[in-house]
Amino acid sequence: MQAYQQFAEHIARINDLCCVINLLNWDARTQMPPGGTSVRGYQLGTVSDIAHDLFVSEDTLRLIEAAKNELETEGAERDSYRYRSVLHAGHAYDIS
């Protein structure tokens, strides 16, 4: 379960960055002060780049493979949430 836990924590960090992007977008739509658009654009670009770089890193691939191997070794059901989350992350990694 250790490899899956590391995978889940890594993906959770990426998800946190995506939540920050959503918050910045919401704030831009509802509370943006005059003249704040360019600064917000840079902020969104920076956080988006960090999230993307973290996801497409070799660490992500290593964690996906380790989690998948661990789940298969444990005999996890292929339809389980944990197994499907690893497969979906692997598919997203492949197309990124």
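Predicted model: local features only at pLDDT ≥ 70, side-chain atom pairs only at ≥ 80, totals over all residues.
1. The structure holds 5 salt bridges.

2. Arg-62 and Asp-59 join their side chains in a salt bridge, 3.8 Å from N to O. The two residues sit 3 apart in helix α3, so about one helical turn separates them. An α-helix has 3.6 residues a turn, so residues three or four places apart point the same way. Arg-62 is partly exposed, at 46% relative accessibility. Asp-59 is partly exposed too, at 41%.

3. Arg-82 pairs with Glu-74 in a salt bridge of 3.7 Å, N to O. Arg-82 has a relative accessible area of 23% and counts as partly exposed. Glu-74 is also partly exposed, at 43%.

4. A salt bridge links Arg-84 to Asp-79, with the closest N and O atoms 3.7 Å apart. Arg-84 is partly exposed, at 36% relative accessibility. Asp-79 is exposed, at 61%.

5. Helix α3 has 17 residues. Its first and last C-alpha atoms are 24 Å apart, close to the 24 Å expected at 1.5 Å a residue. Its buried residues are Thr-60, Leu-63, Ile-64, Ala-67, Glu-70 and Leu-71. Viewed down the axis of α3, they fall within an arc of 135 degrees, so they line one face of the helix. Cover for these buried residues includes α1, α2 and α4. On the face turned away from the buried side, α3 carries the exposed residues Glu-58 and Thr-73. Gly-75 follows the helix, and its phi is positive, near 75 degrees.

6. Helix α2 covers residues 37–55. At 1.5 Å a residue, its 19 residues should span 27 Å, and the end C-alpha atoms are 27 Å apart, which agrees. Arg-40, Leu-44, Val-47, Ala-51 and Phe-55 are buried in α2. Seen down the axis of α2, the buried residues lie within an arc of 75 degrees, so they line one face of the helix. What covers them includes α1 (2–30), α3 (58–74) and α4 (81–95).

7. How many disulfides are there? The count comes to 0. A disulfide is a covalent bond between the sulfur atoms of two cysteines. The sulfur of Cys-18 lies 7.1 Å from the closest cysteine sulfur, that of Cys-19, which is too far for a bond. The cut-off for a disulfide is 2.5 Å between the sulfur atoms. Cys-19 is therefore in no disulfide, its nearest cysteine sulfur being that of Cys-18, 7.1 Å away. Cys-18 is partly exposed, with a relative accessible area of 33%. Cys-19 is partly exposed as well, at 41%.

Conventions. Residues numbered from 1 in each chain as written. Heavy atoms only, no water. Helix = DSSP H or I, 4+ residues; strand = E, 2+ residues; numbered from the N terminus. Expected span 1.5 Å × (residues − 1). Buried < 20%, exposed > 50% of the residue type's maximum accessible area, 1.4 Å probe, protein only. Arc of directions from axis to C-beta. Contact = heavy atoms within 4.5 Å. Salt bridge = Lys/Arg side-chain N within 4 Å of Asp/Glu carboxyl O.
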